[in-house]
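Please read these notes with the structure open beside you. They go from the whole chain down to single residues.

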Amino acid sequence: MGRLIVVSNRVPPPEDKRASAGGLAVALQAALREQGGLWLGWSGDTAASEADSEQIRTRVEGNITYSLVDLTKRDLEEYYSGFANRALWPLLHYRLDLADFDRRDTSGYFRVNAFFARVLAAQLEPDDVIWVQDYHLIPLAAELRARGVTNKIGFFLHIPWPPPDVFSAMPWHRRLLETFTSYDLIGFQIDYDAENFVNCLVREGLGRETSRGTFHAGEREFRIGAFPIGIDTEEFAAIAIEAEQNALVHRMVASLENRQLIIGVDRLDYSKGIDQRMLAYERYLENNPSSLGKVSYLQITPKSRSEVPEYAEMQREIAETAGRINGAFSDLDWTPIRYINRTIRRTTLAGLYRLSDVGLVTPLRDGMNLVAKEYVAAQNVEDPGVLVLSRFAGAARELDGAVLVNPYDMESTAGAIAGALAMPLDERVSRWKGMYDRLKRYHVNKWCDTFLEVLETPLNVPAFGSQEEPWRAAS
Ligand code: GDG
């Protein structure tokens with residue numbers, strides 16, 4: 001087997017070791033270590049000029065080479081803040097109202113993808129297997145093929161894929177869709193996303209199914225499937241147990257004074273439904289006057305993408321909502337919402353999940369949502385909390401022990417919060433156990449291995465396992 005080449009917008013910094021790194025970075029690093037390989041992506045730094053961005057920085061750690069490229073200010077504005085985060089992100093999260101389709105950004109996106117392809121093509125060996133991550137780099141395979149690259153190339157989309165009527169609102173939808181046909185395997189989080197994508201391809205006449213999960217377009221044949229991403233379940237559970245000794249977690253316990261705790265953890269993003277969630281909690285307080293002073297809701301929301309105007313606006317809105325609710329309901333010794341607008345250490349986070357009676361995960365749309373999975377992994381076997389989960393998170397396809405809600409429906413979300421806080425122990429245990437067992441079996445390393453196995457399986461050999469497994473061929 002050749003080397004594994006991972007390409008993603010960002011490459012994890014060298015200091016990202018176990019406790020602080022997310023499960024995905026650790027799993028990809030483990031796969032790279034096993035096979036030997038290369039991780040290529042943006043360094044996070046801005047190059048002063050185009051000539052400077054040609055200077056590739058290479059770092060070798062064991063059998064992994066990290067290849068870091070700087071991007072110019074213009075590249076970042078057009079490719080990253082522009083097309084990726086102001087066109088693709090809202091579009092693929094069904095938010096046409098927030099999408100900005102700008103011609104200059106679009107050409108910047110394709111230009112930076114061509115640049116990445118040029119950098120990668122120069123380093124490739126014939127039997128390398130390439131795995132491209134996420135929406136920033138969709139045209140990469142087409143750019144590589146244009147440079148004569150014939151290696152296996154897989155793509156995994158971490159975010160949702162909408163139905164054709166939503167996707168085709170983007171002026172360049174066909175051009176982008178066409179580039180997908182250069183991959184050998186296109187992976188989505190859940191079967192609904194894969195199904196939407198197939199419908200887009202078929203609607204545009206860009207692919208037809210030849211056998212289950214295998215599609216044909218022009219000269220090429222490729223697979224499409226669903227590969228729900230997992231977490232490092234047992235590691236995370238162990239961190240959560242250890243975190244019971246954490247000083248910050250102790251401070252939290254003391255400050256709660258036996259109140260019940262609800263937790264929400266989300267990057268500051270409109271897809272996460274944070275404002276709607278606060279309103280549902282407000283409705284819960286209104287509907288349950290006896291709960292006043294007896295429940296605390298902790299919302300941890302690190303800032304993200306502040307350079308995109310919609311995010312700055314949303315940050316203001318959420319802070320206002322939290323302030324208004326606290327102003328209306330607080331007492332001298334109680335604040336209903338504790339809103340934290342910065343990053344908390346991963347170990348502390350695990351301890352806080354474990355402490356919480358309810359994990360409130362209510363995105364309006366989400367590829368998977370790892371917070372839902374981390375919340376389950378962190379629970380105490382003897383006394384687990386309840387996951388209240390949006391039916392529009394990919395995780396809802398798997399976590400059938402969660403209390404599922406429609407985040408647009410405040411009244412029923414408020415009811416679900418009340419039901420979760422009052423749920424008896426035996427029901428909590430039985431709901432939690434099924435979810436935990438599943439997360440243990442389909443952890444992030446398994447996700448990684450399965451994707452790569454399917455990518456390497458010749459097209460005439462069946463690649464997907466039994467129906468019980470989460471990996472599904474699209475049709
Ligand atoms: C994309 C897709 C898909 C959050 N706050 C803190 C913190 N976090 C960590 C969580 C979790 C991660 O960030 C967030 O993961 P999500 O899955 O919830 O969301 P996205 O960032 O939008 O990720 C998503 C994912 O890709 C993977 O495929 O599930 O649908 O949108 O791990 O714990 N971590 C620390 N402090 C914080 O304050 N340490």
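1. Contacts along the chain. This is a predicted model. In the protein chain, take the contacts with a separation of 6 or more: 79% of them are accounted for by residues 24 or more positions apart.

2. Overall size. A compact globule of 475 residues would have a radius of gyration near 23 Å, and the protein chain agrees because its own value is 23 Å. The C-alpha trace spans about 70 × 50 × 45 Å along its principal axes. The protein chain contains 17 helices and 17 strands.

3. Domains. The domain assignment gives domain 1 as 4–230 + 443–473, and domain 2 as 233–441. The contact between them takes 30 residues from domain 1 and 28 residues from domain 2. The C-alpha centres of domain 1 and domain 2 are 30 Å apart.

4. Surface and charge. Of the 475 residues of the protein chain, 58% count as buried. The chain exposes about 19100 Å², and carbon and sulfur atoms supply 49% of that area. There are 53 positive and 66 negative charges, and the mean positions of the two sets are 0 Å apart.

5. A covered helix. How many of the 10 residues of helix H13 are buried? The count is 9, so this helix, residues 346–355, is mostly covered. The buried residues of H13 include Arg-346 and Arg-354, as well as Leu-349, Leu-352 and Tyr-353.

6. Asn-196. This residue is found in helix H8, residues 191–203. Asn-196 counts as buried because its relative accessibility is 13%, and the cut-off for buried is under 20%. Apart from neighbours within four places in sequence, Asn-196 is in contact with Tyr-94, Trp-161, Pro-162, Pro-163 and Pro-164.

7. Asp-134. Although Asp-134 is not a glycine, it has a positive phi of about 75°. Asp-134 is found in the loop between strand S5 (129–133) and helix H5 (140–146). Is Asp-134 buried or exposed? Asp-134 has a relative accessible area of 11%, so it is buried.

8. Glu-257. Here too the residue is not a glycine, yet Glu-257 has a positive phi, of about 45°. Glu-257 is found in the loop between helix H10 (247–256) and strand S11 (260–265). With a relative accessible area of 55%, Glu-257 is exposed, because exposed means over 50%.

Key
Residues are numbered from 1 along each chain as its sequence is written. This is a predicted model: local features need pLDDT of at least 70, side-chain atom pairs count only at pLDDT 80 or more; totals for chains, interfaces and linings use all residues. Side-chain values use heavy atoms; hydrogens and water are left out. Helices (H or I, at least four residues) and strands (E, at least two) are DSSP runs, numbered from the N terminus. The radius of gyration is taken over C-alpha atoms; the globule rule is 2.2 Å times the number of residues to the power 0.38. Buried means under 20% relative accessible area, exposed over 50%, partly exposed in between (1.4 Å probe, protein chains only). Contact means heavy atoms within 4.5 Å. Accessible areas come from the Shrake-Rupley method with a 1.4 Å probe; for residues, only the protein chains shown count as cover. Lys and Arg count as positive and Asp and Glu as negative; His and the chain ends are not counted. The place of a charge is taken as NZ of Lys, CZ of Arg, CG of Asp or CD of Glu. Domain bounds come from an automatic or database domain assignment.
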